[in-house]
Amino acid sequence: MFTTTKEVLAFAENTSTAIAAFNCYNAETIQAAVKAAENQNQPVIIAYGERYKEYMNLEAFAAFTKAIAENATVDVALHLDHSYEFDTIRRAVHAGFTSVMFDGSALSLEENIKQTKEVVDFAHEHGVHVEAEIGSMQKGAFSDEEEGDGRLTDPDEAADFVKKTNVDFLAASIGTVHGMYDGDPEIRLDLLDALKERMDTPLVLHGGSGTPEKEVLQAIQKGIRKINVNTEISLTAVANMAETLSTKPKTHLSVVMENAQNAMISHMENVIKLYKS
């Protein structure tokens, strides 16, 4: 069933679990995410990044996701991830996305507050919820995200930000990276405690790929309700495609993509299983 991101995160809060937000960019990734969620009987969030709009039309992506979601046996929400342009947010809202993320993490705090508030005002008028980010995550290996400076979230700044913008969800920078870690991760779980003490806003975590299971489970216990996963699923699909083509170089594209989709389903199921445990 197609539903809102807020409803999905409310479910996560009530069950003390986290919902996987898989970055998707084509039919195979969308179908894999929904099938994995159905197999685990857990809601899922389909996330579409602004950086993919030249590769995959935003409106077509939304229509396809909603068509798949309407026939799904679990709740499916549609989220715009890491958007920097108001025009993309406007298009996403009108296309039926149930939440949007405005990423003003590279701006000054004052400008981030100002622009996020403008997005919130517009989105709320249309019944759409907004995610924003305080702090700036670094770019790890194999990521296609923009580079961040690694600045961790300041709990006092975050509380002030939420109060002034009325944002619905907050992405916290606690040491995770976009992509895979180049070295041993240094996750500041204590920041989650400080954030929870200062606000009731649902917290989300970017950089789920490669984050150790122990830290993931502790983060969920401390209130993380959505975790974004992208790079590790991409690596699984690419490895599967390479394996298929290494044995049969002239394999039909439909077979290559079906094999990759099945590999993603299996990997995504493991992620969902972890987040709901």
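Trainee: What makes you call β3 mostly covered?

Mentor: Count its residues: 8 of 8 in β3 are buried. Buried means under 20% relative accessible area, with exposed over 50% and partly exposed in between (1.4 Å probe, protein chains only). Before we go on, this is a predicted model, where local features need pLDDT of at least 70 and side-chain atom pairs count only at pLDDT 80 or more, while totals for chains, interfaces and linings use all residues. Residues are numbered from 1 along each chain as its sequence is written, and side-chain values use heavy atoms, leaving out hydrogens and water.

Trainee: And why is β2 described as largely enclosed by the rest of the structure?

Mentor: Strand β2 (residues 44–49) gets that description because 6 of its 6 residues are buried. Look at both faces: Val44, Ile46 and Tyr48 point one way, Ile45, Ala47 and Gly49 point the other, and all are buried. In a regular strand, side chains alternate between the two faces of the sheet.

Trainee: What makes β1 and β2 a pair?

Mentor: Two strands pair if DSSP finds at least two bridges between them. Strand β1 (residues 19–23) has 3 bridges to β2, and the two run parallel, so they pass the test. Asn23 stands opposite Ala47 in β2, for one. Between these strands the chain goes through helix α2 (residues 27–40), and this β-α-β crossover is right-handed.

Trainee: Why is it called right-handed?

Mentor: Because, with the strands pointing away from you, the path from the first strand over the helix to the second runs clockwise.

Trainee: Which bridges tie β2 to β3?

Mentor: There are 6 bridges between β2 and strand β3 (residues 76–83), which run parallel. Ile45 has Ala77 as its bridge partner in β3. The chain gets from β2 to β3 by way of helix α3 (residues 58–70), another β-α-β crossover that is right-handed. Tyr48 stands opposite Leu80 in β3.

Trainee: What about β3 and β4?

Mentor: 3 bridges join β3 to strand β4 (residues 99–102), again parallel. His79 faces Ser99 in β4.

Trainee: What makes the whole sheet a barrel?

Mentor: The 8 strands close up in the order β1-β2-β3-β4-β5-β6-β7-β8, with parallel pairing. Neighbouring strands of this sheet are turned by 25° against each other on average, direction ignored. Helix α2 packs on the sheet, touching β1, β2 and β3, and its direction makes about 165° with that of β2. Contact means heavy atoms within 4.5 Å. Axes are lines fitted to C-alpha atoms, for helices over the stretch in contact, and angles run from 0 to 180 degrees between N-to-C directions.

Trainee: How do you know how α6 and α7 pack?

Mentor: Helix α6 (residues 155–165) and helix α7 (residues 190–198) make an angle of about 35°, with their axes 9 Å apart.

Note on methods
Helix = DSSP H or I, 4+ residues; strand = E, 2+ residues; numbered from the N terminus.
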